[in-house]
Every structure is written in structure tokens, then in C-alpha cells.
Amino acid sequence: MHTNEELRQALMSVVKAKEGLEEEMRIMEDQLTEEKQRSAMLEVEANELKEHLKESEMRQKTRMDEIEKENDVLRDQLKHYISMLQRQEGAVKEDEMSEVEEHLQSQLSEMANMYGEVMELNSQLHKQIQERERTIAELQTKALE
């Protein structure tokens, strides 16, 4: 049989083991709380990035719509000038014709430059969107880990 001292030592050993396990559990609960807070912060950050991306996309779409309208106006003006030239073809003197051609040429050049700028802007915005989508995906992956 076991003596009282052996039983007391066994009981003390069990109590110490229990206290050790409780301390480990408290530490793990603290770590879990910290990870939940970090996950919540990452989720908030990911949502903010998504919102920023949506706003950026809306601004890009608005700007593209404005540029499209400007291009339409310029296209209509060009058609108007061409039809005006065709109507006045016989009545316009050679000097006046070259002035009109120069004017049209400069407007065409301006339109070509604007088109190039629009294409460059579109390319930059597309790259920004891709980068932000990658960042959001990374943040979501980190949040899920």
C-alpha cells in the first residue's frame, strides 16, 4: 500500500502538472486572442484596400468616360471641318485651303496625342488594379493563415 507521504507527493505532482497545463493554456489563449486581433486588423485593412480599389476603378471609369466624350466631340468637329472643306472646295482659295488643312492637321495631331495619353493612362491604371488585386489576395491569404 501507499503511505500518506507517497500519496501527498503524488497529489502535489498532479497539482503541479495541472498548474503547468493551466499556464500553458493561458499562454495559448493569449496567443489565440492576439492572432484573432491581428486577423481582424488584416481583414479591416483588406476591406479598406478593396474600397480604395473600387473608388479608384470608379475614378478611372469616370475619367475614361470623360475622355471618350472628348474624343466624340473631336470626332464630330473633324467631320464638321471635313464636310465644310468639301462644301467650300471650289470657293476657297489655295491659301485659305492650306490654313484650314494646317488647322485640321494640328487638331488631328492633338487628337493622336490625347489618344496616346489615354492609352498610357489606361495601361497604368490596369497595372495598378492588378497590383492591388495581388495585395488583396496576399492579405486574404495571410488573414486565413
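Gln107 lies in helix H2, which covers residues 94–144; helices here are DSSP runs of H or I with at least four residues, strands are runs of E with at least two, and both are numbered from the N terminus. Gln107 is buried, with a relative accessible area of 18%, where buried means under 20%, exposed over 50% and partly exposed in between (1.4 Å probe, protein chains only). Leaving aside residues up to four places away in sequence, Gln107 touches Gln77 and Tyr81; a contact means heavy atoms within 4.5 Å.

The model is predicted: local features need pLDDT of at least 70, side-chain atom pairs count only at pLDDT 80 or more, and totals for chains, interfaces and linings use all residues. Residues are numbered from 1 along each chain as its sequence is written, and side-chain values use heavy atoms, without hydrogens and water.

The chain has 2 helices and 0 strands. Its radius of gyration of 37 Å is well over the 15 Å that the globule rule gives for 145 residues, so the chain is more spread out than a compact globule. This radius is taken over C-alpha atoms, and the rule is 2.2 Å times the number of residues to the power 0.38.

| Property of the chain | Value |
|---|---|
| Span of the C-alpha trace along its principal axes | about 130 × 15 × 15 Å |
| Residues that count as buried | 14% of 145 residues |
| Contacts between residues 24 or more positions apart | 79% of the contacts with a separation of 6 or more |
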